[in-house]
Amino acid sequence: MRFEVSIALRYFRSGGMQSVLTILGVSVGVAVSIFIACLIGGVQEGLITRIIGSLAAVSLEPKESVPRSMGKVFSADGKESLLLERVEKSGQRAARIGEWKPLVEHLDRDPAITVVSPTASGAGFVIKGNQVLPITFRGVIPERANKITDLRTRMVAGIYDVSGQNCVVGVELAKELGISLKDKIRTRSGKGVELVFTVMGIFDVGINEINLRSFYVSLTNAQRLLELVGYINAIEMKVLEIYEANTIADRLGAVTGLKSQSWMRQQKEFLSAIQAQNGSNALIRTFMMLAVAFGIASVLVVSVVQKSREIGILKSMGARTRSIMLIFMIQGLLTGLIGSLVGTAFGVSLCWALMQIPGDNMTSPGQLFPIKIIPLYIIQAIVAAVVVGVVASIAPARRAAKLDPVEVIRYG
Amino acid sequence: MADTPIVQMEKVGKVYGTKIQTRVLTDVTFTVQQGEFAAIIGPSGSGKSTLLNLIGALDKPTEGAVKIGGETLSGLDDEGLARLRRRYLGFIFQFHYLLPDFTALENVLMPFSVAHGAPTRQERKEAIELLERVGLKDRMNNRATDISGGQQQRVAIARALAGRKPLVLADEPTGNLDTENSNEVFALMRDFNLKDGTTFLIVTHDPNLAERTDRIISVIDGRIAHDVPVAHPK
Ligand SMILES: Nc1ncnc2c1ncn2[C@@H]1O[C@H](COP(=O)(O)OP(=O)(O)OP(=O)(O)O)[C@@H](O)[C@H]1O
Ligand SMILES: [Mg+2]
């Protein structure tokens with residue numbers, strides 16, 4: 001072991017109460033920093049799951065203006081070939097995507113994309129007695145669509161079943177029309193096609209618009225209603241990194257020639273709210289670390305004064321400037337390290353304890369507080385405290401290195 | 001080796017302060033040969049400690065040249081001076097200044113650690129031998145603050161000698177000790193001088209101790225007043 005380390009360790013130990021208090025100070029800073037980060041992170045993650053969670057992160061739609069021979073089409077083996085008649089548009093016909101199966105298969109293989117759900121959606125009406133309500137048909141492949149908006153876990157009545165002539169509807173629509181389970185309801189699409197569905201389930205996704213308008217049926221039925229047999233009109237996707245959505249959308253748009261959407265562009269206000277939260281989170285944590293830095297620095301300045309005799313002796317033995325500085329910088333490092341570990345224990349325990357309090361909040365069901373323990377924030381807090389410890393020790397260390405041995409030996 | 005004096009002082013002067021200037025040393029010239037055992041005496045404030053600090057490369061002269069082992073100190077930067085101290089110099093101070101958080105043995109090993117990190121096994125052996133010679137082998141694992149003042153000063157002697165330093169500078173090493181301990185510390189220094197050829201420069205107020213050295217340099221008002229050998233009746 002280097003002697004600078006062993007001297008630093010001895011000073012640390014002989015510091016007693018002084019060392020303990022400094023470590024406690026750092027711990028409190030780190031604990032608060034972790035707590036705030038996990039609270040804000042928890043709220044945010046909850047909001048994201050709630051708001052973005054039931055929406056597609058990226059989606060592809062037909063582009064009205066796309067020239068017929070541009071873009072690419074993917075065959076099942078993943079090779080790209082020219083897009084031909086992918087997007088068709090004629091006078092009264094809705095824009096649509098043909099040849100979508102190979103495209104879906106290709107997207108399935110894209111490592112940045114986690115879920116791919118082809119859908120056929122379009123406007124229509126529900127007719128019950130003399131009531132007519134506008135709705136949006138959502139034709140989906142359930143196993144795929146469920147990974148985007150998990151309706152199965154949000155059913156308030158019945159089951160999620162859109163096979164055959166079955167459908168599921170939102171609570172608001174059910175309320176509006178007085179629909180109950182197993183009711184048969186007549187629907188008509190904008191194209192004039194009529195179909196009768198049996199209501200198998202009623203869902204609540206927490207967003208009024210969807211609860212009132214979305215009418216889930218099988219992809220086949222939607223295609224029939226919307227005169228899209230063999231076609232779809234959107235591909236909805238989830239991605240691995242939600243903040244990469246713009247990049248992924250742009251990439252897919254360029255490669256497929258389709259119009260691409262990203263949640264980040266569609267939910268601008270939500271996104272800027274999230275960014276404001278991130279900003280205040282960063283600000284709070286920065287100030288916590290500044291406080292930690294001043295704490296460590298001031299204790300080390302005192303320590304340099306206390307140890308000035310010994311520094312003088314070490315210098316008389318020919319200790320290098322670097323060695324003297326190291327002794328104090330190692331103390332800063334140790335304070336930061338031990339303090340951050342103790343602080344992590346505090347912070348995580350506090351988060352954990354609060355997470356055990358039962359109750360309900362907007363974003364995390366079953367918990368009173370919307371806290372989530374996020375390892376990245378913990379690692380960040382530890383690294384920050386260690387770096388801050390070392391940086392804060394530089395000034396006191398230089399002071400120690402500059403001490404005049406004659407002065408301290410003469411006057412002790 | 002014997003040709004180059006270990007210490008050469010050539011017209012050395014020292015002035016403290018810039019605005020209010022205090023002249024502390026004037027025209028100090030003398031040489032010390034390897035193996036000498038000399039006392040520096042003089043009234044309080046005459047400049048003895050200043051002189052010793054200049055020789056110890058802890059302070060810089062205002063005029064003249066200080067040479068240690070033939071090397072001129074004014075030509076060296078801070079790291080050069082530190083290197084020179086590691087190579088040539090051991091210090092013993094009045095207030096024995098051991099590192100209180102370390103054991104006696106660790107204190108004696110400190111010059112090795114400072115020089116190159118962890119001490120070798122050979123160096124450990126040397127340190128234990130030194131502690132044995134100052135009669136403290138059985139106390140070597142005691143904390144420096146857990147032994148008596150006289151014992152601490154003996155540890156300081158062992159520390160000054162660790163690494164076979166050719167020159168030991170002692171500033172009132174017995175100033176804080178009773179007669180018995182003073183005699184013992186003095187005898188130890190003499191022993192190292194005779195057996196190992198270590199050069200000692202000892203600042204002292206005690207005329208009896210000064211008489212037992214081989215040479216007395218007396219400083220009055222920052223000048224060398226006398227520089228005389230001591231005749232020892234055989
Ligand atoms: N940094 C300084 N600035 C100004 N004057 C100083 C400084 N250091 C020492 N002096 C003065 O230099 C003179 C010599 O001091 P020095 O310590 O060398 O004397 P000394 O002979 O060792 O005295 P003592 O026997 O009391 O230890 C004293 O008058 C002292 O006040
Ligand atoms: Mg003095």
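**View 1. Helices α3 and α4 of chain B pass each other in a right-handed crossing.** In this predicted model, helix α3 (residues 104–116) of chain B and helix α4 (residues 121–133) of chain B have axes, which are lines fitted to C-alpha atoms over the stretch in contact, that come within 9 Å and cross at roughly 140°.

View 2. Helix α2 (residues 17–52) of chain A packs against helix α12 (residues 321–356) of chain A at an angle of about 45°, with the axes 7 Å apart. Their contact has 14 nonpolar, 9 polar and no charged residues.

**View 3. The largest nonpolar core holds 77 residues.** Such a core is a set of buried residues (under 20% relative accessible area, 1.4 Å probe) joined through side-chain atoms within 4.5 Å. A:L314 and B:I55 touch the most other members, while helix α13 (residues 375–402) of chain A gives the largest share, 10 residues.

Residues are numbered from 1 along each chain, and chains are lettered from A in the order in which they are written. Local features need pLDDT of at least 70, and side-chain atom pairs count only at pLDDT 80 or more, with hydrogens and water left out.

How values were computed
Axes are lines fitted to C-alpha atoms, for helices over the stretch in contact, and angles run from 0 to 180 degrees between N-to-C directions. Helices (H or I, at least four residues) and strands (E, at least two) are DSSP runs, numbered from the N terminus. A crossing is left-handed if the near helix is turned anticlockwise from the far one by less than a right angle, and right-handed if clockwise. Buried means under 20% relative accessible area, exposed over 50%, partly exposed in between (1.4 Å probe, protein chains only). Ala, Val, Leu, Ile, Met, Phe, Trp, Tyr, Cys and Pro count as nonpolar, Asp, Glu, Lys and Arg as charged, and the others, Gly among them, as polar.
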